Amino acid sequence: MSALEIDNVCKDFGTTRVLEEVSLAIDSGEFLILVGPSGCGKSTLMNAIAGLEPVTSGRILVGGEDITWRTPAERDIAMVFQSYALYPSMSVRGNIAFGLEMRKVPKAEREAAVQRVADLLQISHLLDRKPAQLSGGQRQRVAMGRALAREPQIYLFDEPLSNLDAKLRVEMRTEIKKLHQRLGTTIVYVTHDQIEAMTLADSIAVMRDGRILQLGTPDEVYNNPVDKYVAGFMGSPSMNFIDATLQGQAGAYRLHVTTDGEQELVLPWPADRETPGLAEHVGATLTLGLRPEHFAEEDARLGDRAEGTPLSARVSVVEPTGADILLQLPLGDGEVTARVGPDCRVRPGERLDLRVDMRRGVLFAPDSDTRLA
Amino acid sequence: MDNVIRSRTPVARFWRLLLHATLLLAALWYLLPLVVMLLTSVKPLEEIAAGSLLALPDNPTLDPWLKAWGSACTGMRCEGVSGYFWNSFAIVIPAVIIATLIGALNGYALTKWRFKGAELVFAMMLFGCFIPFQVILLPMAQTLGWLGLSSSRAGLIFVHVVFGIAFTTLFFRNFYVSIPDELVSAAKLDGAGFFRIFWRILLPVSKPIIVVSVIWQFTQIWNDFLFGVAFSGHDTQPVTVALNNLVNTSTGVKEYNVDMAAAMIAALPTLLVYVLAGKYFVRGLTAGSVKG
Amino acid sequence: MKSASPSSTASMSGRLQAWLPKLVLAPSVVISLCFVYGFMLWTFILSLTSSRMLPSYDFVGFTQYARLMNNERWWVAATNLGVFGGLFVGCCLVLGAGLAILLDQRIRREGVLRTLYLYPMALSFIVTGVVWKWLLNPGLGIQAMVRGWGFESFTFDWLVDPDMAVYTLVIAAVWQASGFVMALFLAGLRGIDDSILKAAQLDGASLPRVYWRVVMPCLRPVVFSAVMILSHIAIKSFDLVVALTGGGPGYSSDLPATFMYAHAFTRAQIGMGSASAVLMLCGVLAILVPYLYSELRSRRHG
C-alpha cells in the first residue's frame with residue numbers, strides 16, 4: 001500500500017487546465033520531488049494534496065484512504081511554506097505547538113513535542129522569540145519544526161529554500177536530507193531548482209504544462225531522460241543539443257555533424273545502444289544530446305586506449321569555475337559547452353583535442369523531441 | 001528630494017526664507033479660526049462687542065463654557081449641550097464597535113476565503129461608501145418607524161452601523177489583502193477553522209487597521225449632522241445638532257462667547273483623537289483614496 | 001471513480017467551513033441590498049409619485065422632475081453647486097499641491113506644520129460653519145477687525161450678500177479640506193522613486209522644472225483621487241451650509257443637499273425632494289463611474 005497515491009487528478013481554473021490526469025504513488029519514507037518550470041502545476045498539485053485547492057476530478061489517497069474531499073484540517077499532512085508562514089503574533093513555541101493545540105493534544109505532551117523538535121533542529125534558545133526577531137535560516141528551521149511537531153503521515157515542502165541566500169541554502173539542503181534519513185519521513189517537495197531535486201530526492205517527477213513527463217530516480221531522470229525537455233531541464237550547465245544526420249545501418253550507425261557548413265564530423269553510435277526505432281530515421285536529421293561532462297580533454301598518455309570519439313575544435317570562451325573549467329566550442333550549428341578538468345591550460349582561440357563519450361549521449365526524434373536511443 | 005547638495009548663495013538663502021515665510025503664513029491661516037474660537041469663548045460679551053477679534057481677553061472667564069455646558073438654550077430647552085454631548089458618546093461607541101467588528105469579519109472572509117463572486121460582493125458593498133445619503137433619507141425614516149426605532153439612540157446607532165460597514169469592510173479588506181495567504185493555509189493545515197484562524201492569527205496582527213477603522217468611524221459618526229438632524233428626537237440629538245440649535249436659537253441677546261464655547265466642546269473629542277493618533281487619522285483619510 | 005462530487009463525499013465540517021465565509025458576509029450583503037440599493041430604488045419610486053406630507057403612491061410619471069426643472073430655487077441650488085464645487089475642488093488642489101511641494105523641501109518642523117494644516121479635517125462641518133459664521137460676521141468679525149486697524153472703508157460682508165454668500169462656503173470648505181489634499185499629495189510625493197528625481201537633477205533640470213516635468217505627471221493618480229473625493233464632499237455638502245449660511249440670504253446659497261432636505265422634511269414636498277435626491281445620485285454616479293472604470297482597468301493591466 002502506498003503512503004500517498006494520486007490517481008488521475010485533473011484541475012481546471014476556469015477554462016484552463018492546470019493539472020492533466022496526474023497519477024503517481026510513493027511509498028512510506030520516500031522523498032519525492034516535484035520539479036519543473038514555474039506554471040507547470042507543481043504547486044497546484046501540492047496544494048491539492050494539502051487540501052487547499054479542490055481538484056476537478058480524480059482521487060487522492062493517503063495510506064489507502066480516500067482523502068480527496070477532506071478539509072486540510074482533516075488530513076494528516078503538514079506543510080512547510082516558501083514564505084515560512086510563521087504566525088507573527090505567536091512565539092516560536094506557540095508556532096510549533098499550534099497544530100497540536102488545535103488537535104487538542106494535552107499541554108504536557110505539547111511541551112514535550114516542542115522540546116523534542118527544538119532539540120532536533122537546535123532552536124531551543126529561540127523558543128520565546130517572535131518570528132520577526134529571527135533570521136531567515138532560523139525562520140526556516142521553525143517552519144520545519146512546526147511541521148515536525150505534529151508527526152503527520154506526509155510532509156509537504158513548497159520551495160522551502162528559495163528565500164535563503166546561496167550558502168545557507170546548501171547548508172539547509174544537507175540538513176533536510178539528514179533529517180529525512182534519520183526520521184524516515186514521507187516527503188513531497190516542490191522546487192524549480194534541479195540541483196535540489198538531484199541531491200535530495202529518492203524519486204523525481206519532472207512536470208511541464210500540468211503533466212508529469214517523467215517519474216524516476218534522480219539517476220534515471222538524469223541519465224535516461226524520456227524526452228528532450230527533461231534532458232534539458234535537468235543538469236547545469238544544461239545538455240548540449242546538436243543537429244546530427246543518421247547514416248549507416250543496424251550494427252554500424254553513424255552520426256554526421258556539420259560545423260560551419262563545411263567541416264564534417266562523424267560520430268559512430270555504439271552498437272550496444274541501438275534501438276529498433278533508429279532504422280526508420282536513417283538519413284534524417286536527429287538531435288544528439290551530450291552533457292558537458294560527456295566531453296573530455298584528450299589525454300596524450302592514454303593514447304589509443306582512451307575512450308570516446310576524437311574531436312578537435314577551436315575554443316571560443318574559457319570559464320573556470322574552480323572545481324573544473326567550462327569551455328565553449330563550435331559544434332554543429334551553434335556552440336556547445338564542455339566540462340574539462342581544472343588543469344586544462346587552453347586559451348581562447350586555441351585548438352583543443354577532445355574526446356566525446358558517445359556511450360552516454362542520447363538521441364531525440366526531430367519533431368516530437370521524444371527519445372530514440 | 002533628500003540627499004541633494006544645496007547651494008548656499010544669498011539667492012538660495014532668500015528663497016529658503018520665502019519658503020519658510022509662506023509655510024508659516026499658511027499655518028496661521030489654518031490656525032486663525034481655532035485661535036479666534038478659543039479667545040472668544042473666554043471673553044465676556046462686553047469685550048467682544050468692544051474689542052477686536054484677535055484681542056486677548058482682559059478678564060478671561062470660563063462662564064461661557066459653563067453656560068454652554070449646562071444652561072444655554074438649544075431650541076426649546078435651556079440645559080446646555082452636556083446631555084447631547086453624552087448622547088453622542090452613547091451613539092458613537094456602540095456604532096464604532098459593531099461596525100469595526102463586522103468590517104473585520106467581512107474583510108477576512110472576502111480576502112482569505114475567496115469564493116466565486118467575492119469581488120462582486122465587495123464592489124457591491126463598496127458602492128455604499130459613495131452614495132449621497134440624501135437618496136436613502138426618506139425610506140430610512142419610514143423604515144426606522146416600522147422598526148420602532150424612530151427618534152431613538154438605537155435607531156441612530158443602527159443607521160451609522162449600516163452605512164459604516166462599507167468603510168470598515170474597505171479598510172479591513174485592503175489590509176488583509178496584504179497579509180500572506182500562506183498564513184491562513186498553514187493554520188488550516190494545523191487544524192484551525194474559520195473563526196479560530198480569525199481570532200488567533202489575523203486579529204492579533206490587525207491592531208493598526210483596527211485603530212484606523214475606529215478613529216475613522218469615531219470622527220465620522222461624531223461629526224455627523226445629517227442623520228442626527230433627520231432621525232433623532234429631542235432627547236436623543238447628537239451634539240452637532242444641539243450645537244446648531246444653540247447657535248440658531250434667537251431668543252434674547254446673541255451670546256457669541258457661548259456659541260464658541262459650545263463649538264469647542266463639540267470639537268474637542270475629535271480634536272483630541274487627532275492630536276493623540278494623528279498618524280492613524282491620516283492613514284484612515286488616505287486609505288482607499290491613494291492606490292494600494 | 002472518475003470524479004466524485006464534493007457534496008456527496010465532503011465531511012460535515014468541511015461543508016460548514018465552505019459555507020461559513022458566505023454566512024458571515026450574508027448580513028452585510030442583505031443590509032447593502034436593502035438599505036443602499038433597495039432604498040435608492042424606493043427613493044426613485046417616490047420621485048415618480050405625487051407624495052407631499054406623507055409618502056403616497058399615486059404615480060405621476062416624471063412630473064416631479066419637470067416641476068424641479070421649472071423650480072427657480074432648484075436652479076439656484078444647482079448653479080451654486082457648480083460654482084461651489086468647481087472653486088472648492090480647484091482651490092483645494094492648488095493649495096494642497098502647493099503646500100505639499102513646499103513641505104517636501106526638507107523643512108525642519110514639517111511634522112508640526114503638517115499637523116496644523118490637517119487638523120480642520122477632524123472637525124465637524126457644523127463646528128467649521130459656526131466658527132466661520134463668526135469670523136465672516138461683518139459687525140464683529142474680520143471686517144470689524146480690519147476696520148479697527150484703521151482701514152475704515154474695508155468691506156467683507158459676503159455672508160450677508162446674496163450674490164457672494166456661496167463664496168463664503170468655498171472659503172470655509174477649502175479651509176477644512178485643503179490640508180487633507182496636502183496630505184494626499186505629500187504621500188504621493190514621498191512615494192515617488194527617489195532615483196528618478198536624482199537622475200533628473202543630474203540631467204541638469206532646475207527644481208521647479210523637475211517638479212513640473214517629472215513629479216507632477218507621477219502624481220496624476222493622486223490628483224484623480226483628490227478630485228473624486230472633493231467632488232463627492234461638494235455634492236454631499238449639507239452641514240456646512242446649514243451652519244454657515246443656512247442657505248441664505250433667502251435661498252441664495254442653497255445647495256442640492258439642503259434643497260432636498262428642506263423639501264422632503266420641512267416643506268412637505270416628498271415627491272420633489274426625492275426627485276432632487278435622485279438627481280444628486282446621478283451627479284455622483286457621473287463622476288464615480290469613470291473613476292471606477294479607470295481604477296478597474298488599471299488594476300487589470302498591472
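**Reading helix α1 of chain B**

Biologist: Where do I start with α1(B) and helix α6 of chain C?

Modeller: Two packed helices are described by the angle between their axes and the distance between the axes. Here the axes of α1(B) and helix α6 (residues 125-136) of chain C come within 10 Å and cross at roughly 80°. Axes are lines fitted to C-alpha atoms, for helices over the stretch in contact, and angles run from 0 to 180 degrees between N-to-C directions. So α1(B) is roughly perpendicular to α6(C) (65 to 115 degrees). Helices are DSSP runs (H or I, at least four residues), numbered from the N terminus.

This is a predicted model: local features need pLDDT of at least 70, side-chain atom pairs count only at pLDDT 80 or more, and totals for chains, interfaces and linings use all residues. Residues are numbered from 1 along each chain as its sequence is written, and chains are lettered from A and ligands numbered from 1 in the order in which they are written.

Biologist: Which residues of α1(B) and α6(C) make the contact?

Modeller: Contact means C-beta atoms, placed from the backbone, within 7 Å. α1(B) gives P33(B), V36(B), M37(B) and T40(B). α6(C) gives V131(C), W132(C), W134(C) and L135(C).

Biologist: How is chain B divided into domains?

Modeller: Domain bounds come from an automatic or database domain assignment. Chain B has domain 1 (10-61) and domain 2 (82-286). Their centres, taken over C-alpha atoms, are 34 Å apart. Seven residues from each domain form the contact.

Biologist: Which helix supplies the largest share of the domain 1 side?

Modeller: α1(B), with four residues.

Methods. Two residues are in contact if their C-beta atoms, placed from the backbone, lie within 7 Å. Helices (H or I, at least four residues) and strands (E, at least two) are DSSP runs, numbered from the N terminus. Angles under 35 degrees count as roughly parallel, over 145 as roughly antiparallel, 65 to 115 as roughly perpendicular and the rest as oblique.
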